[in-house]
Structure formats: structure tokens, C-alpha cells
Amino acid sequence: MAKIRRAIKVWGAQMDDGRMVTNDAPGIVSVTIHPDGHVSTIDPHGKEHTVSGTWATYNPRFN
């Protein structure tokens, strides 16, 4: 896991168990990685959900 100082919006994150969490998945609008290792997503209704596990790598958004 890379060292980050703040939460970052990303296109997707690979979890430590190999799962991928991306905004291409149905029901996920936004993916955010956090410095403590957890990943949160936002659904189409605007509710935030925490994904179990920690992120290992991520695909950054450059916009």
C-alpha cells in the first residue's frame, strides 16, 4: 500500500485479497481510498458504503 496523506477519488482500487472495486461496477458511482487503508464507495442514491478489507493498489484519476 502506497503512503498517502489524504483521501483520493480513484477510478478503481485493488483490495489486498485481489478483489477489484471500480466505478464500472453496477451500483457504484464513486470510489475513494483513504490513508488508513479502507475504501469507500458512493451508490447512485448518494449513500456512502465502506468496503471490507484494505486497498493494495489503485488506478488514479488525473482530471
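Which residues does A13 touch, not counting those up to four places away in sequence? I started my notebook with that one, and I kept in mind that this is a predicted model.

**Entry: A13.** I listed the partners of A13 and found R19, M20, V21, I33, V39, W55, T57 and Y58.

Entry: A handy reminder for myself: in soluble globular proteins, nonpolar side chains tend to be buried together.

**Entry: the fold.** I looked up the secondary structure and got 6 strands and 0 helices. Along the sequence I read β-β-β-β-β-β. The radius of gyration is 11 Å, close to the 11 Å from the globule rule for 63 residues, so the chain is as compact as a globular protein of that length. I also boxed the C-alpha atoms along the principal axes and got roughly 30 × 25 × 15 Å.

**Entry: contacts and burial.** I took the contacts between residues at least 6 apart in sequence, and 44% of them join residues at least 24 apart. Of the 63 residues, 30% are buried.

**Entry: surface and charge.** I noted an accessible surface of about 4,200 Å², with 52% of it belonging to carbon and sulfur atoms. For charges, I have 7 positive and 6 negative side chains, and the centres of the two sets lie 9 Å apart.

Methods: Residues are numbered from 1 along each chain as its sequence is written. This is a predicted model: local features need pLDDT of at least 70, side-chain atom pairs count only at pLDDT 80 or more; totals for chains, interfaces and linings use all residues. Side-chain values use heavy atoms; hydrogens and water are left out. Helices (H or I, at least four residues) and strands (E, at least two) are DSSP runs, numbered from the N terminus. The radius of gyration is taken over C-alpha atoms; the globule rule is 2.2 Å times the number of residues to the power 0.38. Buried means under 20% relative accessible area, exposed over 50%, partly exposed in between (1.4 Å probe, protein chains only). Contact means heavy atoms within 4.5 Å. Accessible areas come from the Shrake-Rupley method with a 1.4 Å probe; for residues, only the protein chains shown count as cover. Lys and Arg count as positive and Asp and Glu as negative; His and the chain ends are not counted. The place of a charge is taken as NZ of Lys, CZ of Arg, CG of Asp or CD of Glu.
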